[in-house]
Amino acid sequence: MNNKAKRMSAAGLLIAIGIVYGDIGTSPLYVMKSIVEGNGGIGNVNRDFIIGSISLVLWTVTLLTTLQTVIIALKATNHGEGGIFALYTLVRKRAKWLVLPALIGGAAILADGTLTPAVTVTTAIEGLKGLNFGGNVPVSTQNMVIAITVVILLVLFSIQKMGTSIIGKAFGPIMFLWFTFLGVMGVMNMAGDWSILQAINPIYAIRLLVSPYNKAGLFILGSIFLATTGAEALYSDVGHVGKSNIIGSWPFVFVCLSLNYFGQGVWILNNPTYRPADGGVLNPFFEMIPANIRLFAIILATIAAVIASQALITGSFTLVAEASGLKFLPRMNINYPSNEKGQIYIPSINKGICVATIAIVLYFQTSAHMEAAYGLSITISMLMTTILLYEWLVMKKVNTVWNWIFLIFFGVLDIMFMISSLTKFTHGGYVSLFIAGAIGFVMYVWYYGNKVRDKREARNAYVRLDEYTDMLTNLSHDENYPTYATNLVYMANVKYNKFIKREILYSILDKRPKRAKAYWFVTVNVTNEPFTAEYAVNTYGTKNVINIQLYLGFKKQTSVNVYIRQIVHDLIADGTIKAQPQEYTTTPGRDVGDFAFVIVQDVISPQTQLVGYEKWLVEARVRLQNLSSNPASWFGLEYADTIIERIPLILGRPNPSYIKRIKPKDYSNAKTK
């Protein structure tokens with residue numbers, strides 16, 4: 001979607017509904033079920049409890065989603081991109097410690113990306129369990145539910161490479177139908193008791209927290225919070241659809257959700273002795289739907305659950321791409337299925353989330369068990385987002401009083417929800433914290449490992465390339481050394497058109513001199529436009545030392561191999577470099593020689609003088625680097641003659657080591673046996 005399409009329009013609103021509201025839009029599937037079950041079942045609730053619960057749900061969504069996210073957070077975007085990492089980018093210069101809430105919050109959101117598909121799809125499919133079709137019950141056991149869920153998830157993850165633009169166009173009309181269905185079902189049930197609208201008054205929410213009918217007390221907020229999960233995904237996905245389309249579509253979504261919660265409340269109050277036929281857990285959402293359209297409702301709910309998963313998956317792609325740019329995560333292969341930079345696909349992350357999600361389904365088996373793990377990580381991320389938003393408001397010079405009101409009000413709310421959700425820890429919450437902890441550990445090692453490296457690396461890590469041109473030219477003509485390649489290409493980051501890492505020249509000159517007719521130092525600069533293809537050349541007055549600055553659009557960045565060959569032709573044609581005629585070739589008149597592409601990676605040298613924590617951190621960072629994707633694939637060099645060369649990284653100031661020379665021992669008088 002281009003920038004023009006991101007302006008508010010009917011098509012933009014529809015695509016926004018299809019992409020960003022899946023998570024929060026499927027909350028009615030399990031929120032009231034969790035609230036009622038947490039209070040001991042439908043036989044242990046009364047009118048005050050139900051009205052108070054719905055009031056808590058409505059005001060939680062109003063405060064955390066409408067006010068904090070849609071009204072405030074969507075203003076804090078970085079070049080149109082949202083999410084906690086984009087927010088951190090805006091405020092990181094204010095204080096170094098702000099990296100910690102960014103790391104913690106980002107890890108928690110990515111962990112939620114594995115839980116949302118599991119809980120939403122399983123809940124929807126459980127609606128089929130025990131349903132009678134013409135005397136037959138196709139889905140009679142929980143194992144069948146799990147099998148269907150796994151198949152649906154596999155299909156979902158397999159279509160991610162199509163991109164969110166195509167998916168959004170397909171999902172938009174379906175999600176519009178879903179929200180309309182939620183509202184209609186809600187109104188149909190509300191007709192039995194319009195007094196349920198009393199829940200709009202927040203006094204009922206406050207009363208419930210101290211009511212004796214509320215057996216969970218303050219900890220009921222752990223279930224209430226499930227109604228607003230998806231707010232972070234909404235913020236993260238703003239780059240996919242544009243903030244104006246989110247702001248324009250949210251009122252419709254909010255009204256439909258509210259009507260459905262009202263309808264479920266009325267059904268519960270009108271059926272105080274109801275028990276599920278299969279003896280399972282009561283789900284008011286499915287029970288309030290007339291039997292003759294329940295199958296349609298289950299199918300629609302399943303599709304909505306798939307779309308809920310989609311919102312988290314696309315949000316995860318965006319977060320990971322931003323994390324890589326901030327050096328929170330190793331660089332990964334990123335595909336751009338459309339011409340819009342905000343719409344991306346990361347194969348390795350897609351596979352990772354797929355495996356984790358299916359593992360969660362197999363481990364927990366039922367949606368009721370999954371709900372115990374769900375939401376805890378998001379309460380943590382929302383608290384971290386609140387901290388960063390406060391810093392953003394201060395940076396924007398908003399009145400200090402309002403800044404503190406924002407921090408205290410939303411900070412207290414987030415802490416209350418987090419404490420309530422912690423009661424789920426032993427019932428499954430530990431899974432979400434484990435996943436978030438694992439992701440956070442990787443981010444911490446990569447980020448702080450880079451920090452230690454940069455701090456401890458020798459001051460002369462960079463040298464001036466133009467000071468080595470004579471040496472490189474002499475090596476190019478020195479027949480005492482065999483020709484390593486006609487064109488030796490280093491994928492290097494040449495700063496300010498002249499500074500290059502010493503390790504690059506170490507690879508050419510010190511390891512074993514690499515003779516070549518031409519030395520190429522290529523820097524890839526990725527632009528915000530999809531199809532940019534430009535280059536600048538600096539030869540420093542030579543014929544064989546060439547600094548190439550490539551300016552490639554984000555859809556062109558993996559075409560380095562193709563462009564370098566064209567550039568060589570161009571430079572030979574205009575006399576910038578000498579022709580490279582080939583005696584042995586299948587192409588008559590070929591004037592371009594062979595290529596060898598070199599990518600330099602670090603390995604820790606035994607001479608590194610780091611000890612303890614710093615040494616462990618840098619070593620762990622290097623291991624992660626070696627486990628990440630093949631660097632050749634970043635530039636489209638998988639099928640070129642590419643060498644991944646490892647250069648020893650010496651950190652700290654090594655102590656000089658000497659060995660003393662002695663005379664050979666005299667064994668002339670020794671007797672042999």
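## A walk through a predicted fold

Let's begin with how the chain meets itself: among the contacts in the protein with a separation of 6 or more, 83% are accounted for by residues 24 or more positions apart. Keep in mind that what you're looking at is a predicted model. Counting the pieces, you'll find 25 helices and eight strands. The protein has 673 residues, and 55% of them count as buried.

Now let's look at how some of the helices pack. Start with α3, which covers residues 31-38, and α13, which covers residues 243-270. Their axes come within 10 Å and cross at roughly 40°. Angles from 65 to 115 degrees would count as roughly perpendicular and angles under 35 degrees as roughly parallel, so α3 is oblique to α13. The crossing of these two helices is right-handed. Which residues make the contact? On the α3 side they are Val31, Met32 and Val36, and on the α13 side they are Tyr261, Gln264 and Ile268. Sort them by class and you get five nonpolar residues, one polar residue and no charged ones.

Next, find α15 (residues 294-325) and α16 (residues 347-364). The axes of this pair also come within 10 Å, and they cross at roughly 130°. Roughly antiparallel is kept for angles over 145 degrees, so α15 and α16 are oblique to each other. Here the crossing is right-handed. From α15, the residues Ile313, Ser316, Phe317 and Val320 meet Ile349, Asn350 and Ile353 of α16. In the contact of α15 with α16, five residues are nonpolar, two are polar and none is charged.

So much for helix packing; what about charged side chains? Side chains of opposite charge can pair when their charged atoms come close. How many salt bridges does the count come to? There are five salt bridges, and we'll visit some of them.

One links Glu287 with Arg294, where the closest N and O atoms are 3.9 Å apart. Are these two residues buried or exposed? Both Glu287 and Arg294 are buried.

Another salt bridge joins Arg464 to Asp466, and there the closest N and O atoms are 2.8 Å apart. Arg464 has a relative accessible area of 29%, so it counts as partly exposed. Asp466 is partly exposed too, because its relative accessible area is 25%. Arg464 also forms a salt bridge with Glu467, with the closest N and O atoms 4.0 Å apart. Glu467 has a relative accessible area of 58%, so it's exposed.

Finally, take a look at the backbone in a couple of loops. Where does Lys397 sit? You'll find Lys397 in the loop between α18 (376-395) and α19 (400-422). Its phi is near 60°, a positive value in a residue other than glycine. Lys397 counts as exposed because its relative accessibility is 75%. Tyr540 is another one to find: it isn't a glycine, yet it has a positive phi of about 55°. Look for Tyr540 in the loop between two strands, β5 (533-538) and β6 (545-553).

Notes:
Residues numbered from 1 in each chain as written. Predicted model: local features only at pLDDT ≥ 70, side-chain atom pairs only at ≥ 80, totals over all residues. Heavy atoms only, no water. Helix = DSSP H or I, 4+ residues; strand = E, 2+ residues; numbered from the N terminus. Buried < 20%, exposed > 50% of the residue type's maximum accessible area, 1.4 Å probe, protein only. Salt bridge = Lys/Arg side-chain N within 4 Å of Asp/Glu carboxyl O. Axes fitted to C-alpha atoms, helices over the stretch in contact; angles between N-to-C directions. Left-handed = near helix turned anticlockwise from the far one by under 90°. Contact = heavy atoms within 4.5 Å. Nonpolar A, V, L, I, M, F, W, Y, C, P; charged D, E, K, R; others polar.
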